[in-house]
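Student: Please show me the structure, and then we can go through how its parts pack together.

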Amino acid sequence: MTLNATQKGANRVVSDGRKWWKEQIIYQIYPRSFKDSTGNGIGDLRGIINQLDYIKNLGVTAVWINPIYASPNDDNGYDISDYRAILPEFGSMHDFDELLAGLHSRNIKFVMDLVVNHTSDEHYWFEQSRSSRDNPYRDYYHWWPAEQGKPNFRWSYFDEKGEAWKYDKQTDAYYLHYFSQKQPDLKWENPKVRQEVFDIMKFWAEKGVDGFRLDAFQFVSKDTSFPDLPESYKKDLSEVIKYHGMGPNIHEYLREMYNEVLSKYDVFAVSEGAGSSFEDAHDLVDEERNELQMAYHFEGVDLKKSVDNPPTCLDFKSLHTKWDKSFAHKGWISIFLANHDCPRMVSRFTNDSPKYREFASKLLNTFLLTMRGTPYCYFGDEIGMTNISFKDISEYQDIAAINGYKKAIHNNEDMTEFMRELTVFSRDNSRTPMQWDDTENAGFSDVQPWLKVNENKNVINVQLQNSMPNSVLNHFRNLTKLRNESSTLVYGEYELLLPEHESLYAYTRTDDNNQYLIILNFSNSEQVFDLSMLSGNQYEMIINSHSVNNHEINGELHLLPFQSVVIMVV
Ligand code: NOJ
């Protein structure tokens with residue numbers, strides 16, 4: 001197909017700060033849900049080892065696995081009781097070493113999840129800390145002596161009442177937990193705590209991991225006087241990031257981490273969360289600050305989080321354009337549309353009905369793999385997995401859902417409304433087992449899995465899609481191949497076209513060598529891309545979500561519902 005051309009290279013900015021970690025395609029694996037090799041219904045490390053060739057064939061170049069450390073699993077591994085041991089359900093340290101070697105031998109990097117805003121209450125440090133007020137570990141956590149009265153209110157994400165201070169009888173004091181009661185917050189203000197964390201990071205860096213994903217990191221630094229906060233904070237959990245995030249010493253701690261660990265190994269670190277402004281985000285990742293390499297912001301996945309008012313194409317493109325603009329000259333961010341804390345991306349941002357979900361998934365994968373920033377692709381999205389949308393609270397496994405339910409009852413909330421929201425936004429939506437085939441447990445396990453398998457495994461599964469040249473899976477592979485071969489898609493300038501168009505998201509990626517035109521039809525109706533706005537060059541369609549050929553008709557390109565295309569200037 002030939003088209004007329006566009007304004008190639010206008011305001012082109014090509015980053016000269018090329019770095020290996022900017023060029024990765026990261027595949028996120030939720031280990032409980034990927035592949036069970038032992039027949040206990042829970043995914044494990046050997047399950048991942050057995051699928052290394054599948055992972056390699058996806059074309060991804062790095063893998064981030066959610067926490068695999070020893071843990072009582074109050075929050076599925078985000079409550080760690082030993083940072084130098086593997087959760088027995090997942091396997092052994094020997095399995096880990098084999099996994100790492102297997103990834104490296106396939107030229108795939110490994111990113112370790114590092115959860116150090118808090119530990120488990122079953123970690124030795126906390127057991128010691130809570131045992132007496134003069135224990136040497138007392139100052140590893142935030143304690144508030146009861147004789148000083150009740151501490152000022154702080155929000156907790158997973159607490160049944162939403163309160164982050166928990167009274168502990170043993171020493172007549174309250175401890176702080178921004179997440180569940182079993183996840184006490186570490187006191188980073190204590191230099192010994194920081195040294196412990198840096199030692200843990202060195203332990204894993206010595207083993208050869210290539211990066212760290214710093215869980216909940218924006219919360220580590222706190223104003224330890226715990227002042228009273230404005231009424232708006234107390235009423236609205238959405239103010240949490242503003243008040244809990246980016247505390248007074250965070251940059252000092254990060255520079256220490258950089259000097260002690262990150263500068264000494266060939267590793268990168270990405271922070272979960274990027275504060276509440278572009279300035280916060282830049283302060284975390286701008287290279288000359290020597291802190292982190294990347295951050296991921298939540299604006300993309302939090303976009304219009306409302307059941308009745310889902311995000312539109314205009315919302316989507318203006319948000320991603322805004323972030324790209326802010327990082328066009330400096331700094332680096334991650335691009336993601338889903339993870340283990342969000343619903344499935346196709347259910348959230350496009351359309352998961354049987355009629356459209358295949359194309360709607362391809363569209364989102366096209367976006368992820370053609371944007372500037374390091375793409376993070378969540379397992380299962382490469383085959384277009386969808387929300388399971390449990391209806392009954394008994395089906396949920398996630399502490400956020402279960403304790404959220406208790407909190408809603410406690411607060412006399414409208415429970416019908418609460419359940420409606422849970423169905424759409426629950427984290428369990430994205431944690432259902434990987435759909436390998438159409439057998440009873442989707443090829444995930446020989447026995448009933450820890451979380452129900454989505455019934456659409458019969459039509460959405462790896463085995464089926466492997467055999468279909470134009471499946472979501474093979475389309476994903478085409479996209480990763482293209483991105484791996486083209487530094488234009490990594491570093492090239494991004495330019496939004498048609499900013500006001502309500503259904504089409506069109507943009508170019510350009511550097512000195514190439515220019516790509518990407519068009520995504522976010523609607524369930526045919527849309528027309530007017531080529532007359534472009535002039536001068538020839539174009540070639542290189543990736544198309546549909547097997548049909550879209551011919552230019554009188555200077556117009558007609559796109560089918562949810563069609564996405566990548567076109568290259570030749
Ligand atoms: C963010 C993680 O992504 C989430 O899964 C976890 O529950 C919280 N941090 C607490 O560690």
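Tutor: A crossing is left-handed if the near helix is turned anticlockwise from the far one by less than a right angle, and right-handed if clockwise. This is a predicted model, where local features need pLDDT of at least 70, side-chain atom pairs count only at pLDDT 80 or more, and totals for chains, interfaces and linings use all residues. Residues are numbered from 1 along each chain as its sequence is written, and side-chain values use heavy atoms, with hydrogens and water left out.

Student: Which hand does the crossing of H5 and H8 have?
Tutor: Helices (H or I, at least four residues) and strands (E, at least two) are DSSP runs, numbered from the N terminus. H5 covers residues 191-207 and H8 residues 250-260, with their axes 10 Å apart. The crossing of these two helices is right-handed.

Student: How are H5 and H8 oriented to each other?
Tutor: Axes are lines fitted to C-alpha atoms, for helices over the stretch in contact (heavy atoms within 4.5 Å), and angles run from 0 to 180 degrees between N-to-C directions. Angles under 35 degrees count as roughly parallel, over 145 as roughly antiparallel, 65 to 115 as roughly perpendicular and the rest as oblique. H5 and H8 pack at about 40°, and are therefore oblique.

Student: Which residue in S21 is the bridge partner of Tyr539?
Tutor: Five bridges join S18 to S21, residues 564-569. The partner of Tyr539 is Val569.

Note on methods. Two strands pair if DSSP finds at least two bridges between them.
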